[in-house]
Amino acid sequence: MSLRIKTILAVLVTNCGILLSQQLPFSNQFLVNRQVLSPAFAGITGNFETFVSLQKNSMKFPGGPEYKSLYISGPVYGNMSLGASVSNNSVTIFNGVSGQLDYAYHLRVSDKQFIHFGLSIAYNENYIHLDYSQLQSLQ
């Protein structure tokens with residue numbers, strides 16, 4: 001066997017036991033939407049940006065996860081930027097709604113260096129949604 005095939009087999013054998021799973025919402029894709037990481041990233045590109053995420057239960061499985069979010073940000077005046085986000089998620093009877101307002105100031109230190117300051121205010125609400133008419137029909 002050649003060295004290439006032996007290397008491929010060694011990589012496949014050693015990587016088999018490293019499989020992890022976690023339920024993360026689509027908004028956690030911070031490589032695309034950096035505003036999720038920090039309010040200092042609001043308006044960092046100098047353009048108005050909008051990110052929309054939608055995760056819908058495609059299999060019509062009752063209680064399947066659903067997630068909706070909207071992120072907007074952009075420059076307002078000079079080095080100041082504003083951003084806002086709204087999201088709604090639902091998994092079985094567990095529901096959540098959140099909203100956030102972001103303020104960012106981008107201070108130029110030199111031609112290629114910046115210091116970004118961010119301030120955020122957020123509202124989060126988590127609740128359990130029980131349909132009592134369905135519960136009473138089970139009794």
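Here is a walk through a predicted model, starting with its sheet and ending at a few residues.

A quick word on ground rules. Residues are numbered from 1 along each chain as its sequence is written. Since the model is predicted, local features need pLDDT of at least 70 and side-chain atom pairs count only at pLDDT 80 or more, while totals for chains, interfaces and linings use all residues; side-chain values use heavy atoms, with hydrogens and water left out.

Let's begin with the sheet. Five strands form an open sheet in the order 1-2-3-4-5, with antiparallel pairing. (A strand here is a DSSP run of E with at least two residues, numbered from the N terminus, and two strands pair if DSSP finds at least two bridges between them.) At the edges sit strand 1 (49-55) and strand 5 (114-128), each pairing on one side only. From one strand to the next, the twist averages 10 degrees (taken between lines fitted to C-alpha atoms, with angles running from 0 to 180 degrees between N-to-C directions).

Now look at strands 3 and 4, which run antiparallel and are joined by twelve bridges. N88 stands opposite V97 in strand 4. V91 belongs to strand 3 (residues 80-91) and is partly exposed, with a relative accessible area of 29%. Partly exposed means between the buried cut-off, under 20%, and the exposed one, over 50% (1.4 Å probe, protein chains only).

Next comes N95, in strand 4 (residues 94-108). Is N95 buried or exposed? With a relative accessible area of 11%, N95 is buried. Beyond its neighbours within four places in sequence, N95 is in contact (heavy atoms within 4.5 Å) with N89, S90, E125, N126, Y127 and H129.

How values were computed. Helices (H or I, at least four residues) and strands (E, at least two) are DSSP runs, numbered from the N terminus.
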